[in-house]
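Subject: Handover of a structure

Hello,

I am passing on the structure we spoke about, with notes on what was found in it. Please have it open while you read.

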Amino acid sequence: MADTLEFNEIYQEVKGSMNDGRLRLSRQGVIFKNSKTGKVDNIQASELAEGVWRRVALGHGLKLLTKNGHVYKYDGFRESEFDKLSDFFRAHYRLELVERDLCVKGWNWGTVRFGGQLLSFDIGEQPVFEIPLSNVSQCTTGKNEVTLEFHQNDDAEVSLMEVRFYVPPTQEDGVDPVEAFAQNVLSKADVIQATGDAICIFRELQCLTPRGRYDIRIYPTFLHLHGKTFDYKIPYTTVLRLFLLPHKDQRQMFFVISLDPPIKQGQTRYHFLILLFSKDEDISLTLNMNEEEVEKRFEGRLTKNMSGSLYEMVSRVMKALVNRKITVPGNFQGHSGAQCITCSYKASSGLLYPLERGFIYVHKPPVHIRFDEISFVNFARGTTTTRSFDFEIETKQGTQYTFSSIEREEYGKLFDFVNAKKLNIKNRGLKEGMKQSYDEYADSDEDQHDAYLERMKEEGKIREENANDSSDGSGEETDESFNPGEEDDDVAEEFDSNASASSSSGDGDSDRGEKKPTKKAKLSKDRKPRKKHQESKKGKDPNAPKRPMSAYMLWLNASRERIKSDHPGISITDLSKKAGELWKAMSKEKKEEWDRKAEDARRDYEKAMKEYGVSSKSESSRTERSKKKKKKQEKQVKRKAEKKGATPKSSSTTKSSTKSSNETFKSKEFVSSDDSSSESKKDSEDEGAASLPHSSEDSASGSD
């Protein structure tokens, strides 16, 4: 017979909810691991007192009773597994697995039996239903009546909230059957009653969830959060895990308490209690117990008088009372040296801590993901900028968590951590290339940080070169036709003509004529950098050898028509996606063939570039000489134009000066139309000469 038995998709009934998980039976005992919370129940073989096999709603179930009165229920077995389980119990636990069916008569009158932590309502010898007393949150009594209230189950669509028992009066003197019933329930129920004094009190602690400042009173069996508005009572049995996490600023500490079931406030559920401490805050603590009680209860883990940092005292007391280990960050160190990564989850920014067995994000909303529930992780490019990336986690249940806006400098550390923990990386092939790119460009300002982005840029360059070849240089001619310098000349001539046409419109128009050229001058200033861009674009030599294609692009060009024929009407985007899938699925041998072709193309390109370099040197020297000659000719033409434009200006000036000397002084309002036109023309020309020298020269030569 096998030493162990394992069962998947087994359901454990806890506080009215059915939690799925895995059950393993071995010589040492029974182990059940909850898939949702990761909590492990371990029952030693020596503690087992009875095993019951019965038919339930989810097939067949196994009920185990221990010697200390605890009851464990597991459902989801098949009927055929009874023989295997029965033999295993007989061989390893020395127990007989008893078959016991539930009563289905529908009667509501029977006998109540209390056995350990279980209330059983029986008709004859058959149980009708059973109530684990740990599910009871309150017990109240009335005349011949007992009412049981239950903890609410958030996972179930319908929850049982209350059951009432009618207890008939008896003739026995001195014994009240109602009170006896209630006492039996309360002795085992999970009823929180603040009886006696607290062991210790921590005052005005800053709490992030639920938000506010709370006094924390520590009782032997539960934790009491007392705030200005709300009070919460947290039994230690609901605490799953404790975390102590250093803040990124190295001056504060997070203390996180994971709860299941969560604490409730209206419709809000708090699965995590997060406290924030300053490292500099110290406290002296005295427990409200004598030294003998402290030593007996905590066995040296706590002393009556303690002092130290506030966060250390809180975590130490909680660890002793809850009896669980405190999880701290492992050996992970980010780019900045911190043990966490700054990122965003949903709409809020927070900190992601890679732990030894999972990830935890604080603080809004807090998220804890264990490694054993992760299906795969994914590194994705950031949606808003290429200076950051997203880290995606998908669980085996299909839930996806996306932590965005992570600085790309953190990529290498996080990738190495995920790789060391042997987590499945969805896009491992691409992201190995991304890692190399990160190492190479870690200190540069370029936005390239993954192989996929570089490949797409390379494809874009090749498409652009192909488009230029197919259009026979038409694109370059279009670029050359836009010359900011020439456009400025046209604008200047247009304003000169406006200035002369406005000679009969008075000084108001002439003022507008003076303002407009300055506005255009600003425009021309803004366009100067674009001129450099156009010159650099025109400087590309069409005779230069074309860059070689990658192996993927060579294969794509050869396979494009075949893909189109296999998928009629496919769009360009879908074709690219399909080609990527086919290339990824291609065997290594076939890819090597295209790699050889790409290598041959690269050698041919290098050879052609060497030959092109020799011929381009002589060509560049001839081009340089012709440019110098052209500039010299332009300077000569410019000097001639200046000499021609000087004569009419001087004559017009002398005419206006003689005219003004002969005539008496008149104000601007009474200047004649001829005078005003000549003055406005002169003003506009002077203004044009000051702001746009090319336009003034052109207008002067035109009038001449």
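This is a predicted model: local features need pLDDT of at least 70, side-chain atom pairs count only at pLDDT 80 or more; totals for chains, interfaces and linings use all residues.

One of the residue pairs is Val239 with Leu259 in β20. Five residues lie between the strands of the β19 and β20 hairpin, and Gln250 has a positive phi there, near 65°. How many of the eight residues of β19 (residues 239–246) are buried? The count is eight of eight, so the strand is mostly covered under the cut-off of 20% relative accessible area.

Thr147, for example, has Arg164 in β14 as its bridge partner.

**Nonpolar cores**

The largest nonpolar core has 40 residues, and the members that touch the most others are Phe202, Ile218 and Leu223. Helix α4 (residues 310–322) gives the largest share of this core, nine residues. As background, nonpolar side chains tend to be buried together in soluble globular proteins.

With residues up to four places away in sequence left out, the residues that Leu223 touches include Ile216, Ile218, Tyr232, Ile234, Tyr236, Ile257, Leu273 and Met318. Arg217 and Lys233 are also among the residues that Leu223 touches.

Another core, of 26 residues, lies apart from the largest one, and Phe332, Leu352, Ile393 and Val418 are among its members. Val418 is also one of the buried residues of helix α5 (residues 411–420), along with Tyr411, Gly412, Leu414, Phe415 and Phe417. After α5 comes Lys422, which has a positive phi near 60°.

**A buried leucine in a loop**

Leu302 sits in the loop between α3 (291–298) and β23 (305–309). Is Leu302 buried or exposed? Its relative accessible area is 2%, so Leu302 is buried. Beyond its neighbours within four places in sequence, Leu302 is in contact with Leu287, Val294, Arg316, Val317 and Ala320. For one of these, Arg316, the separation from Leu302 is 14 residues in sequence and 7.7 Å in space, C-alpha to C-alpha.

**Salt bridges**

How many salt bridges does the structure hold? There are 20.

One of them joins Asp372 to Lys33, with the closest N and O atoms 2.6 Å apart. This pair links distant parts of the chain, 339 residues apart: Asp372 is in the loop between β28 (367–370) and β29 (374–381), and Lys33 is in strand β3 (residues 29–34). Asp372 is partly exposed, at a relative accessible area of 35%, and Lys33 is partly exposed with a value of 35%.

Asp372 also forms a salt bridge with Arg370, at 3.1 Å from N to O. Arg370 in turn meets Glu373 in a salt bridge of 3.8 Å, N to O. Arg370 counts as buried, since its relative accessibility is 8%, and Glu373 counts as buried at 10%.

Elsewhere, a network of salt bridges links Glu599, Asp600, Arg602, Arg603 and Glu606.

Regards

Notes. Residues are numbered from 1 along each chain as its sequence is written. Side-chain values use heavy atoms; hydrogens and water are left out. Helices (H or I, at least four residues) and strands (E, at least two) are DSSP runs, numbered from the N terminus. Buried means under 20% relative accessible area, exposed over 50%, partly exposed in between (1.4 Å probe, protein chains only). Contact means heavy atoms within 4.5 Å. A salt bridge is a side-chain nitrogen of Lys or Arg within 4 Å of a carboxyl oxygen of Asp or Glu. A nonpolar core is a set of buried Ala, Val, Leu, Ile, Met, Phe, Trp, Tyr and Cys residues joined through side-chain atoms within 4.5 Å. Two strands pair if DSSP finds at least two bridges between them.
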